[in-house]
Amino acid sequence: MKKTLLTFVLCATALAGCGSAEDPAKPATEPAAKSTDRSSGRPAKEAGTVAWSTCQGLTGPDGKPAAPDPSVECGTIKVPLDYAKPDGDQIDLALIRVKATSDDRLGSLVFNFGGPGGSGVDTLALAAKAFAGLGTRYDLVSFDPRGVDRSAGVRCGGEVERLLAATSGADGEKLARQFTAACEKDSGKILPHVGTVNAAKDLERLRVALGDDKLNYFGLSYGTHLGAVYATHFPANVGRFVLDSAYDPTVTFEERAVTQATGFATSFEAFAKSCVAQGCDLGKTPAEVKENVEKLVEGLKTRPLKVGSRRLTHGLGQLAVITPLYAKATWPMLEQAAASAIKGDGAALLALADSYTGRKPDGTYSTMMTSLQAITCVDSAERPGRAETAAINEKVEKVFPVLSTDSPVTACSSWPAKGSDEAKRIDATGSAPIVVIGGKGDPATPYQWAVSLNKQLKTGVLVTYEGEGHGAYLSGSSCVMRLVDAYVLSGKVPAANTSCPAA
């Protein structure tokens, strides 16, 4: 949650940044029939109404423009801005597809890689090879959800840069008000209509446009929430569903903050032990590693590190530390970057933070951070005030001091669009089996969330991964990959409570 799986698909390469671009697909296409329609019984390989064409404006793993790849296609469908007015204003939903590599095609497999706010168009273009096994019999498809980048992306002027560059002494409430005002000015029309329930309705439109009788879906991190909401609203249309690194949408703001802080603290401890065992530049004992990193981040409050024309602030330092904790493969990057920063060079840490925030090489940002805020605020009726947020921050500080802040405010308290708890209602009764995967060492979506989401679905089949990292399928676990591939490709549902050892 709060991070796409792009980092963990591409490891070090992805952390260089992979920005977004406008208008990836030309020409556009008209929408398929209404969401209650079916594909009229045509074979999946012959169905579908999306006008696919070669993608334009994608980026490479270095964040710079990439040459068009004829094997990767893009398109759009139109969906209602407001589902209460289905014949009113429409928005374009940007799509991407990598066609199945064999003639024995089963249909489409739709991905959401996380966020909320992550661009599926950018991520699938870079990550398709990681899912090549599934791509033998499925067209791999993803999209920018509504409010994200090319799909009426939420934009808030230059306020993201201002927020990220703010020092710890800045007035957090004033910055939050300025941010929300800019979002309302630039994106006021879309703000009330983002959110997971509407995105699930968009998924149903997408299923019809792809010509599939059932939606086959692979959700990671926040994508598990989107998949669970779709299964709640359209249980009869659930095909083969995988929800990896599951998120429990019923948790409160406080529960989410404290649980994630606990997850990152546990992951940091595992990192520190591993680092010391291999000879660590951050300390000779795990306790020393912890102390040095906490001291580094705390020091950025009063002495940000200058990196060219920019500064590594306390807030950016926090993001830089947690980013490589998402995957064991990127732990060495934390050691190297933190060790350099302790010596006065913050460039590597700043690059890690930029990968989290969606900053591109030209200094502009994707809508990752603004879309995340907009979707998060609409998906909950909670509006924690300063006192409540400060109390939560005290709990976080006790668990993992790296994540505490001097200005504990949330933009949702002044958000211009109403929030709703509808996206917290999960019950997929009547759906086909849904495979839910939780990792014991997952810092961002801790294991207990997979257990609770699995129960809420009613049709869930829990798979436990005993290893580290966020995203079990991409962890290197042959056990997880074998189970998922057998389910998605052959329909073999894992036995209940199956467990896979650490990779």
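The legends below describe several close-up views of this predicted model.

Residues are numbered from 1 along each chain as its sequence is written, and the side-chain values use heavy atoms, with hydrogens and water left out. Because the model is predicted, local features need pLDDT of at least 70 and side-chain atom pairs count only at pLDDT 80 or more, whereas totals for chains, interfaces and linings use all residues.

**View 1**
Ten strands form an open sheet in the order S2-S3-S4-S7-S5-S8-S9-S12-S13-S14, with mixed pairing. Strands S2 (53-54) and S14 (498-500) stand at the edges with a single partner strand each, so one side of each is left without a neighbour in the sheet. Strands (E, at least two residues) and helices (H or I, at least four residues) are DSSP runs numbered from the N terminus, and two strands are said to pair if DSSP finds at least two bridges between them.

**View 1. Strand S13 with its partner S14 and helix H14.**
Strand S13 (residues 460-468) runs parallel to S14 and is joined to it by three bridges, and the bridge partner of Tyr465 in S14 is Cys500. Helix H14 (residues 447-457) lies across strand S9 (238-244), strand S12 (434-441) and S13, and it runs at about 160° to S12. For such angles, axes are lines fitted to C-alpha atoms, for helices over the stretch in contact, and the angles run from 0 to 180 degrees between N-to-C directions.

Strand S4 (residues 90-98) runs antiparallel to S7 and is joined to it by four bridges, with Val98 opposite Leu140 and Ile96 having Ser142 as its bridge partner. Strand S5 (residues 107-112) pairs with S7 in the parallel sense over five bridges, and there the bridge partner of Ser108 is Asp139.

**View 2. Strands S3 and S4.**
Strand S3 (residues 72-80) and S4 pair in the antiparallel sense over nine bridges, and Val79 has Ile91 of S4 as its bridge partner. Seven of the nine residues of S4 are buried, so S4 is largely enclosed by the rest of the structure.

Gln318 lies in helix H9 (residues 314-322) and is buried, with a relative accessible area of 10%. Leaving aside residues up to four places away in sequence, Gln318 touches Val297, Val402, Leu403, Ser404 and Thr405, where contact means heavy atoms within 4.5 Å. A polar atom of the Gln318 side chain lies 2.6 Å from the backbone oxygen of Ser404.

**View 3. The packing of helices H7 and H10.**
Helix H7 (residues 253-277) and helix H10 (residues 331-342) pack at an angle of about 75°, with their axes 10 Å apart. The two helices, H7 and H10, are therefore roughly perpendicular to each other, a description that applies to angles of 65 to 115 degrees, whereas angles under 35 count as roughly parallel, over 145 as roughly antiparallel and the rest as oblique. Ser267, Phe268, Ala270, Phe271, Ser274 and Cys275 in H7 meet Trp331, Leu334 and Glu335 in H10. The residues of this contact divide into six nonpolar, two polar and one charged, with Ala, Val, Leu, Ile, Met, Phe, Trp, Tyr, Cys and Pro counted as nonpolar, Asp, Glu, Lys and Arg as charged, and the others, Gly among them, as polar.

Most residues other than glycine have a negative phi, and most peptide bonds are trans. A cis peptide bond, with omega about 0°, joins Gly115 and Pro116, and Pro116 lies in the loop between strand S6 (114-115) and helix H2 (120-127). Ser221, in the loop between strand S8 (215-220) and helix H6 (222-233), has a positive phi near 60° and is buried, with a relative accessible area of 0%. Lys458, in the loop between H14 and S13, has a positive phi of about 75° although it is not a glycine, and Lys458 is exposed, with a relative accessible area of 53%.

How values were computed:
Buried < 20%, exposed > 50% of the residue type's maximum accessible area, 1.4 Å probe, protein only. Polar contact = N/O pair within 3.5 Å; in protein donor to acceptor, adjacent residues only side chain to side chain.
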